[in-house]
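Q: Could you take me through this structure, please? I have not seen it before.

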Amino acid sequence: MSFVAIKLLKLGYSQAKKQKAKKDLQKYQDAGVYPPNYQPEQHPMSGYPAGATPGTTMHFESPPPPQSKGAKLTFMFFSALRFLQFVFGLTVIGLYGKDVHYDHTSKDTWNSKWVYALVTAFLATMTAAVHLILPFLMRKANGPRPALLLPQFLWEFVVTVLWLTLFGIFGKMYIGVHASSSSSSSKRDTTSTLGDASKINRMRHAVWIDIINLAFWIMTASWVLLRWVKSRRSAASEVGLLGGICQGQIGALMVSDRKGW
């Protein structure tokens, strides 16, 4: 009986000691400080995923490497360039869409050249908008994929050719052409074939907007091509490195086999 009584006394003493420690810790926590000689848990179980048990092998993803200053500046430059592509594409839609809208309201046949201009500007504007949103989506998907660079370049090349064709069509029609104020003017009277004075002036401005868009798309297409070539070279160097490692391991195995014989 004395043995049982001693065990009960020890159990009661340990429980009372734990309760006293909890009360003291609660007092310090209410005051916003930690008690002296307090050692918080270094690896709380709340930080582990659900279902983790002792002996489970945990794999944590390493954080992505920090982006260099040059890469940040390049990203900002081409983001601004995409924004300009978007704005100037909308400008072209407004300049050429005015004539298409007039033909539509007057129930005339739409001019195919003006429709081509609207289609080109629409495709370019939508592409620029996608590229403005794409970096944020790719950031959530652990970065862009090099396999998409070649299709991206091919599409950028198509848009560039569309802008080049558009500039060639309207540049031939309106560059160097001025609306004459009277039929006796020494300059060629083009109001009958190319429209009135306001339309000719607007189209002359539109031609220069076309060439600005062409320059923008040449820049972005060249940049995508350079990125694709760089990704191909890095992939080829990785394959060569892996091949060298494999050859070295095979050679080491052959030497060990010869020594074993």
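The conversation below covers the overall build, the nonpolar core and the salt bridges.

Q: What secondary structure does the chain have?
A: This is a predicted model, and its chain comes to 6 helices and 0 strands. Read from the N terminus, the elements run α-α-α-α-α-α.

Q: How many residues are there, and what share is buried?
A: The chain has 261 residues, of which 23% are buried.

Q: What share of the contacts join residues at least 24 apart?
A: Taking contacts between residues at least 6 apart in sequence, 76% of them join residues at least 24 apart.

Q: Now the core. Which residues in the largest nonpolar core touch the most other members?
A: That core has 24 residues, and the ones touching the most other members are Tyr96, Trp114, Trp163, Phe170, Tyr174 and Met203.

Q: Which elements give two or more residues to this core?
A: They are helix 2 (69-105), helix 3 (112-140), helix 4 (149-174) and helix 6 (197-260).

Q: Let us look at Trp114. What does it touch?
A: Leaving aside residues up to four places away in sequence, Trp114 touches Tyr96, Asp99, Val100, Phe170, Met173, Tyr174, Lys199 and Met203.

Q: Changing topic, how many salt bridges are found in the whole structure?
A: A search of the whole structure finds 2.

Q: Which residue does Glu156 pair with?
A: Glu156 forms a salt bridge with Arg82, and their closest N and O atoms are 2.6 Å apart. Glu156 sits in helix 4 and Arg82 in helix 2, so the pair links distant parts of the chain, 74 residues apart.

Q: Is Glu156 buried or exposed, and why?
A: Glu156 counts as buried because its relative accessible area is 0%, and buried means under 20%.

Q: And Arg82, buried or exposed?
A: Arg82 also counts as buried, at 8% relative accessibility.

Q: What about Arg202; which residue is its partner?
A: Arg202 forms a salt bridge with Asp99, with the closest N and O atoms 2.2 Å apart. Because Arg202 lies in helix 6 and Asp99 in helix 2, this pair ties together parts that are 103 residues apart in sequence.

Q: Are Arg202 and Asp99 buried or exposed?
A: Both Arg202 and Asp99 are buried. Asp99 is also among the residues that Trp114 touches.

How values were computed. Residues numbered from 1 in each chain as written. Predicted model: local features only at pLDDT ≥ 70, side-chain atom pairs only at ≥ 80, totals over all residues. Heavy atoms only, no water. Core = buried A, V, L, I, M, F, W, Y, C linked by side-chain atoms within 4.5 Å. Buried < 20%, exposed > 50% of the residue type's maximum accessible area, 1.4 Å probe, protein only. Helix = DSSP H or I, 4+ residues; strand = E, 2+ residues; numbered from the N terminus. Contact = heavy atoms within 4.5 Å. Salt bridge = Lys/Arg side-chain N within 4 Å of Asp/Glu carboxyl O.
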